[in-house]
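Me: I would like to go through this model term by term, asking each time what the label rests on. Please set each value against its definition before you conclude.

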Amino acid sequence: MRLGLSYRCQSALLLRQSAILVAVVNPDLGGKPGGTLETVRSALDFELPVVLVHPDTGEVFLIEPGDDLLAVLTHNSGISTGWQPPTTANSQSQQPILTHQSVK
């Protein structure tokens with residue numbers, strides 16, 4: 001219990017100093033008090049956008065404040081946006097560039 005409170009305080013301090021949150025987390029595993037998923041939810045409550053990277057699938061999501069986090073992660077919302085590297089003929093020789101695409 002005490003450790004969770006410490007992580008929550010750390011998360012709150014981090015979010016107060018941020019304009020955007022970048023988080024790498026598997027949302028299927030749930031979360032712990034003060035953990036990454038809770039920090040993502042708090043960032044959205046603080047009106048901060050979140051870039052969420054799923055470590056197992058490689059999917060990258062831009063989640064805006066006001067978006068339904070669960071709907072975004074399950075692709076059930078056209079409101080939020082998904083990010084994917086473009087596919088090109090020379091993709092092996094170039095670094096991936098993030099481009100904006102709507103998730104539907």
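Me: Why is Glu47 called exposed?

Reply: This is a predicted model, in which local features need pLDDT of at least 70 and side-chain atom pairs count only at pLDDT 80 or more, whereas totals for chains, interfaces and linings use all residues. Residues are numbered from 1 along each chain as its sequence is written, and side-chain values use heavy atoms, with hydrogens and water left out. Exposed means over 50% relative accessible area, buried under 20% and partly exposed in between, with a 1.4 Å probe and protein chains only. Glu47 has a relative accessible area of 58%, so the residue is exposed.

Me: What makes the phi of Glu47 worth a remark, and where is the residue found?

Reply: Its phi is near 65°, a positive value in a residue other than glycine. Most residues other than glycine have a negative phi. Glu47 is found in the loop between H2 and S2, where helices (H or I, at least four residues) and strands (E, at least two) are DSSP runs numbered from the N terminus.

Me: How do you know that Asp67 has no salt bridge?

Reply: A salt bridge needs a side-chain nitrogen of Lys or Arg within 4 Å of a carboxyl oxygen of Asp or Glu; Lys and Arg count as positive and Asp and Glu as negative, while His and the chain ends are not counted. The nearest side chain of opposite charge to the buried Asp67 is Arg41, 14 Å away, and Asp67 has no salt bridge.

Me: What does the side chain of Asp67 reach instead?

Reply: The side chain of Asp67 reaches the backbone nitrogen of Glu64 at 3.0 Å, and a polar contact is a pair of N or O atoms within 3.5 Å, where within protein one must be able to donate a hydrogen and the other to accept it, and residues adjacent in sequence count only if both atoms are side-chain atoms. Asp67 itself is found in the loop between strand S3 (60-63) and helix H3 (69-73).

Me: What makes S2 and S3 a pair?

Reply: Two strands pair if DSSP finds at least two bridges between them, and S2 and S3 have 4 bridges in the antiparallel sense. The bridge partner of Val53 in S3 is Val60.

Me: Which residues of the largest nonpolar core touch the most other members?

Reply: Such a core is a set of buried Ala, Val, Leu, Ile, Met, Phe, Trp, Tyr and Cys residues joined through side-chain atoms within 4.5 Å. Of its 16 residues, Val40, Val50, Leu52 and Ile63 touch the most other members, and H2 gives the most to this core, with 4 residues.
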